[in-house]
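Please open the structure in your viewer and keep the selection panel at hand.

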Amino acid sequence: MSVDANTDATSGAGVEGRDDVLLRVRDLDAGYGDLQILTDVDMDVFDGEYVTIVGPNGAGKSTTMKSVFGLTAHMGGTVQFKDEDITGRRPEDIIHVGIGYVPQNDNIFPTLTVEENLEMGAYILDEVPQDAMEAVYERFPILRERKDQKAGTMSGGQQQMLAMGRALMLEPDLLLLDEPSAGLAPDLVKEMFDKIDEINEAGTAILMVEQNAKEALRRCDRGYVLANGQNRYMDTGTALLEDEQVRQDFLGG
Amino acid sequence: MGIAETYSRGRQFAIERPFALVLAVIVVILLGDLLRGLATGQTQFADIGTLVWDGLMRGLVIGLAGIGLSMTYSILNFANFSHGDYITAGAFSGWATTYLIAGLGRADIGALLLVGAGGSVYGGTLGIGMLSTPLAVVAGIVVSGAFAIALSLAVDRTIFKPIRNEDGITLLITSIGVAFALRYLMQFVFGSDVRGTTAQPPSVSLYFIDGTVFINAHDITLLVVASALMLGVHVLLQRTKLGKAMRAMADNKDLALITGISTERVVRATWIIGGGLTGVAGYMFILWKGTLGFNDGWLLLLLIFAAVILGGIGSIYGAIAGGLVIGLTASMSVLWIPSAFSRAAAFVVMIVILLVKPSGLFSGRATA
Ligand SMILES: Nc1ncnc2c1ncn2[C@@H]1O[C@H](COP(=O)(O)OP(=O)(O)OP(=O)(O)O)[C@@H](O)[C@H]1O
Ligand SMILES: [Mg+2]
């Protein structure tokens, strides 16, 4: 893998030369209405890889994820998934190709029960996939305990697990997680990261946005630093953690 | 728990929820007045029984019609003021069918189809009723539902769908326009006279403590039809994939989109279910009260809004519960105030309950 350790804002930050690429974003420009937020964003996720996006508030991290899922106004560039061009497709199409998405906020149906939330995760299938549901319950036993409870009455951490469980119902190849540890108590943060490790070890590639940047970079394979809607740095998680400039500018020293 | 503690808790309650306290006092006064009436023989238990039954019937009509309004509110995010005229339209289509079947060969077809406009033919003369002309009534129920479905889909396709992404106020104002257009179209076609639609239905008299309560065949029909449809909606929402998707969309539209729920399909289903219930509610309302006029739905709409807001806007169980509260209030208020003020009483009760529980009886429960 021949990658510049610290790519600056102007050069691309994609990884070339690997043939098991799952998600490939190139020169992506996107935003809301007429307002452009992302400029020339490059991003790759390989099969089974665990990738983290970090960056300051308003950097465009969530916007990048939404753009992959077809939830923003597309203004240029391409998004490829498993050799298929999914640029500008609508979310109801993208859910079919094997990408699961857990948004940053409002990621459950509060008045539906836990089990109904999971069923909605597999809405596009004719039958509720019992094996996938079983797998979700195995992964998050608390959800089985609470399966008939209204999702909105659960704690923040449980809701976050439910949101992930919902996104896993279609057994996606790539899971997009937008700040899964946001608002959780410290011990729950660790549990959440452990769960994500488990999901990744079971073969699902992860693209995750995290405010808890140091912990996320410690655990992931590779990280991207975004700022101002543009790529800033891309390297292995450990390398980013050790980089003096990244530490100073983005990780609080 | 010591007396002091009880006292301080009571004080706390009175300070935190003064309206609840005032409400409790008023209820006690009203009950006291009622008991005094019963004790002195001014009021009979059977009178109260009759009013409760009447209120229940009214409540069922309001609740049934309120489900559709509540659904369109929670899933499409707007207060549909044309809802009342869907009720009337359903009623006219259903009653035209009933007249036609019951009166075929006995009166001019045009007069039958116009539901006896201008006194050309009377429902009473045709002997219309659940027991006397069951086929005509059942066909009328079916047609009223079907026609209201067709109407709400057609209005949605041509008027609401193109402005789906506008804000709620735009949609609301548009719906008021639709309401006027529909109402005056119906007035133009069917005339503005209020006609009697049914012959006196047979009734049973139930002995009740100190008198009798009459329950007629149309009361029973309304009770059965409304309960069955409400149960049907409950099963649909709780057990079927479509129902769950509807609740999901009412809960969180953005997430529904992400999970691949076809929002346009859910919207169409909403109009179909809501429209059907509304049309049938219109038919049953007329069957129960025995008269039909072009203003009926519009006038009922205010009570329906009261019921839906009272129940917690967007909740179908709230709409049913709110309908019963409003219906019972409107009927039972005559125990204390002149009947001319019964509608006002319903609104007062709504306002009072909302002061105590501002988000309604079933708040935050969406369609659940
Ligand atoms: N729906 C929207 N409409 C218009 N602008 C938006 C919208 N959502 C986000 N933005 C803007 O886009 C920019 C990037 O937002 P984004 O949510 O992608 O940031 P982020 O990196 O995820 O930040 P955070 O860490 O706060 O979640 C911000 O300036 C934000 O105000
Ligand atoms: Mg974000």
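The stops below cover a ligand and then a contact between two chains.

This is a predicted model, in which local features need pLDDT of at least 70, side-chain atom pairs count only at pLDDT 80 or more, and totals for chains, interfaces and linings use all residues. Residues are numbered from 1 along each chain as its sequence is written, chains are lettered from A and ligands numbered from 1 in the order in which they are written, and side-chain values use heavy atoms, with hydrogens and water left out.

**Ligand 1**

Select ligand 1 and the 15 residues that surround it (a heavy atom within 4 Å). Among the closest are Asn57(A), Gly58(A) and Lys61(A). Helix H1 (61-68) of chain A is one of the elements that supply at least two residues of this shell (helices are DSSP runs of H or I, at least four residues). H1(A) gives the most, with 4 residues.

Next, display Lys61(A): a polar atom of its backbone is 2.8 Å from an oxygen atom of ligand 1. Then turn to Gln211(A), where an N or O atom of the side chain lies 2.9 Å from a ligand oxygen atom.

**Chains A and B**

Now select the contact (heavy atoms within 4.5 Å), to which chain B brings 21 residues and chain A 23 residues. Which residue of chain B forms a salt bridge with Glu116(A)? The partner is Arg247(B), and the closest N and O atoms are 2.7 Å apart (a salt bridge is a side-chain nitrogen of Lys or Arg within 4 Å of a carboxyl oxygen of Asp or Glu). Finally, select H9(B), which gives the most to the side of chain B that touches chain A, with 6 residues.

Terms used: Polar contact = N/O pair within 3.5 Å; in protein donor to acceptor, adjacent residues only side chain to side chain.
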